Amino acid sequence: MSPANGRAHHVTRRGFLGAFGVAALAGCSASVAAADRPAPVRPRRGEYTGPAVTLQFWNPFTGGDGPAMAEIVEAFNAAHDNIRVVMTSLVADDLYAKVMPAVGAGEGPDVAIMHLDQLATFAARGTIAPLEELTDGLGLDGTDFIPAVWDSGVYEGHRYGIPLDVFTMAQYWATDTFGAAGLEGPVRDRGHFDAAASSLRNAGVTHPFWVTPSWQLFVTLLAQFGGSLYDEAATAATMGSDAGVAALEWMTSLIEAGVSPSGATDPRLPFKNGGAAMLADLPAAIPDLQLTAPDLAWDVAPFPQIGTRPGTFANSHNFVLTGQSQADDDVAHAAQTFVEWTSRNSEPWIASGNTPARATVRAGEAFAAAPQAALAKPEVFSSAAFLPQIPGSREIAANSYERAVSEVVLSGADAAEALDFAQHTAQEQLEEMHELLDG
Amino acid sequence: MAQLSVRDVATGADARTRVASRRNSPWTAAAFLLPFFVLFVVFVIVPIGSALWASLHRWSLGLPGRPWIGWDNYAELFEGSTVTSVEFWKSMQATGIFTLYSAPLLVAVPLALALLLNRRFPGRIAFRAIYFAPYVFGVAVIGLLWRYLLDRQLGPVNQLLGALGLPDGIAWTTSLPAGWVALVGATIWWTVGFNAVIYLAALQDVPRELYEAATVDGAGAWRRFFTVTLPGIRRVLQFVIAITIIACANMYGQSALITQEQPGTATRTAIGFIAQTGIQGFDIGMSSAMSMILAVSLIVVSGVVVLAFHRMGEED
Amino acid sequence: MARLLRPRRVALALTVLALTAVFVTPLLLMISTSFKPTAEANSLDFTLLPREPGLDAYREILGNERLPVLRWLGNSFLVAAAHSALVVTISTTAAYALARLDFPFKRTLFAVVLATMFVPGVILLIPHFLIVNGLGWLNSYASLVVPSAAGAFGVVFLRQLFLGISPAIEEAARIDGANAFQVFLRIMVPLAAPAIATLSVLSFLSSWNDFLWPVFVLFSTDMLTLPAGLAQLQGEYATRFDLLTAGAVIASVPVLIVYIVAQRYIIEGVSQGGVKG
């Protein structure tokens, strides 16, 4: 065989294999094609009474809130002979990366918990099913939940989530340290914050409040200074406004003034150790503090109004039903039963530190006795800044304002420049996303 | 008997094997080859082809449209004005910085270690086992270990520095340039043994007579190193440089685990960004284009290394 | 005696001791912290050795149902063993054929395989993800064992070895009437046993330590391998260093055992690969 012949064969073989590769991959991706957008979930009557089924349930509760949900799932399994719920907790990034291909291949969850701001991303890709017919059939509406949370679970006219809880930005303070400095919490506003910080420093607490690159804190402050991440229609990014700059400048001013050390990334540890006396964190810190700092005397309240108006970052964990669950009638009915039951019986979820969304649960004694009851105030809900329903919002967030906050707080970048670039970035990606959805 | 070409010898096709192997049917060969080649086609050839194919489309996993866009992805990346391209080149820069700082050290330090070990002393074998040991622990253990050691508040490194009266508040894992020192240092500690072991084998192949002759000629230790040792291990040196550069360019675990890609995303490597774009961002087309660019860069760099050594060889 | 104390020897000994300390101390610190009680591990007051050494961290890790470290250990072992067996099987047979059998396109096939050694693995990452998804292998052992098995290194390495074996032995066996399979199994494999052992140990280690791929392709906690599990542990217990180091120690013990037993194969395999490569 002469070399020339060999090469010709070689090329033909490569070409053939390449074509095979294309065909194979096209076949592979059929499992995640958006062609099968699920139809709205239709309500089934009553509880599920059919043959035994297993439900796959995914959630992002890998931290201190995991055991609380596990307890609820166990109670459900005990109360239902013919439904077995298998719970898998994944780190949020992992869950969102894998749920779509997994559901497309039929190996994913039937029911899942997603953050409110992720619903649009997966609705657009056909991973989760519209629920408005289901909630109508179950007789659920905004009055059963917190209206602000309820209204936020809608994308393009369809409801995609049933809220489990709501969580907002909170402040924690070390009551003993405050007392020793002659202070009484909670901090109410900016002036009070400054006064408290300086009293604490005089009392020997070098860094009373640690500023970390928390984008949730940024969103809180942005709302308080009168700004928002996007406009009403969610077609334009507005995070680079003066409000945004003011928000970041407050954060960096604390570092410059020495109230906070620079380069900090974990605010909870110093709070537990006595290095910090004030903490800005989500309610998930509550079980963490209870578990790992049992000797610390602390209290919690809504984050103070540092800006010109009330405002707080807010998000919510939502139940979703995946397209996979609707393929089989029994599974669909069992999934409906699970979501409905769990929503009503979500009292053990109080242990996660979050505020249950269900009105009946919040009215109970167990919640009234919980630390986070201090956060469930009407004025908090009315000024809550939820993230809007934008497909791909997490990706956009990571590339825009999350990055800007990190660069300004940790690397000392200029706030106005960083936010300007972030806004420009978010705008571009918003427009690209709209293109891909439309065509 | 036909003249044997170099190629024939290289593929072992000498007369005897030709005689012996004419006795086997093609089916026998197929039986031996099929297991490997089926997997090879499915998991190596097809992916390479499809990565190229995907890079020529705008493809977001799960969305309806998958239009052909030709070289647009590549154009966008090279034009460098969109966020994705800015982030991509930032991550390539991070990879480049890491490679620039660590590759020379990873080539030189193991060589020094191997030279040290090339003498006879008691416990030499045990010592070789000790400095190679970190390599067998995977990046997950190493990443965790150094994340702990370099923790700003609780890590022993800062504690030790403080005890010695040196500044003890360095944020090794969340600030620059300390972050690069952390990543490069941890990587060296982890893999120095690997290259050192390769060097050691090569050093032991250098004939002692050459050293003796050089000493007789009056050459001191440094001259002996440059005139005897280096040329003697030339092929292995080339190999080590090539694999070290490739390994550095493929770095992912250390920055994911030790610095968590902080501050901001400054220590996010090319692989980290490609993986994030494709698997978390669902952007198959763009991530394929990015991986192609990284791959071609690596092939070019390897080619340059090989050429450089060829030239140096020709000058001898 | 005077010879032992020569300054050069002393300098060498000190250097070796210092280097040994550099390599060993981090590991000792890791072990030491894993035996500290939580409060001590988290206190800003650093101690080299635990004041109250205890197995609290280990108990917590091993008793944690949501983070089944022992299950991860089992997964890693199963996957690494299966991967290693698969690699050795397909590489040995293919290498033998490429070295000793004759068939059309032999040179081309080998050239293609060799060429892929220069293809960086990053290109394969996302296509592998899509292929594994399409085959329904997401979150399964198959997704860890199979995709990376058809690597060029094993075939190239073993083919080189087979080529180096004198054809006379094989010729003699052929004359005696042995067919290719018998020659392969009874003669070539035993002769290549040390290299095959090295390849199997190196494949085992590479599968055991693989980090990037399992993190992407596995999603249920039960199925994780140790590196992916450790990453999850680190994500969940960010600064609980007592727990994290305990997890790292548990993950390291099997590797250490393999290393102590097979250290020669590993080190010599690496150095041979470099010298001949």
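These legends describe close-up views of a predicted model.

**View 1. Chain A meets chain C.**
The contact draws 24 residues from chain A and 20 residues from chain C. On the chain A side, four elements each supply at least two residues: α1 (3-29), β2 (83-89), α3 (92-104) and α11 (268-273). Helix α1(A) gives the largest share, with seven residues. Sorted by class, the side of chain A that touches chain C holds twelve polar, eight nonpolar and four charged residues.

**View 2**
Two packed helices are described by the angle between their axes and the distance between the axes. From α3(B), the contact uses Phe43(B), Pro47(B), Ile48(B), Ser50(B) and Ala51(B). From α6(C), it uses Ile123(C), Leu124(C), Pro127(C), His128(C) and Ile131(C). Which classes of residue make up the contact of α3(B) with α6(C)? Eight are nonpolar, two are polar and none is charged.

**View 3. Three strands of chain A form an open sheet.**
Strands of a sheet pair through backbone hydrogen bonds, either parallel or antiparallel. In this sheet of chain A the order is β9-β8-β10, and the pairing is antiparallel. Strands β9 (278-281) and β10 (298-302) of chain A are the edges, each pairing on one side only. Neighbouring strands are turned by 25° against each other on average, direction ignored. Strand β8 of chain A, residues 170-174, pairs with β10(A) over five bridges in the antiparallel sense. Look for Gln171(A): its bridge partner in β10(A) is Ala301(A).

**View 4. Strand β11 of chain A pairs with β7(A) and β14(A).**
In a regular strand the side chains alternate between the two faces of the sheet. Strand β11 of chain A covers residues 312-315. Thr312(A) and Ala314(A) point one way, while Phe313(A) and Asn315(A) point the other way. Are these four residues buried or exposed? All are buried. Strand β7 of chain A, residues 165-168, pairs with β11(A) in the antiparallel sense over two bridges. There, Phe167(A) stands opposite Asn315(A). Strand β14 of chain A, residues 384-386, pairs with β11(A) in the parallel sense over three bridges. In that pairing, Phe313(A) stands opposite Ala385(A).

Notes:
Residues are numbered from 1 along each chain as its sequence is written. Chains are lettered from A and ligands numbered from 1 in the order in which they are written. This is a predicted model: local features need pLDDT of at least 70, side-chain atom pairs count only at pLDDT 80 or more; totals for chains, interfaces and linings use all residues. Two residues are in contact if their C-beta atoms, placed from the backbone, lie within 7 Å. Ala, Val, Leu, Ile, Met, Phe, Trp, Tyr, Cys and Pro count as nonpolar, Asp, Glu, Lys and Arg as charged, and the others, Gly among them, as polar. Two strands pair if DSSP finds at least two bridges between them. Axes are lines fitted to C-alpha atoms, for helices over the stretch in contact, and angles run from 0 to 180 degrees between N-to-C directions. A residue is buried if 20 or more other C-beta atoms lie within 10 Å of its own, exposed if 12 or fewer, and partly exposed in between; C-beta atoms are placed from the backbone.
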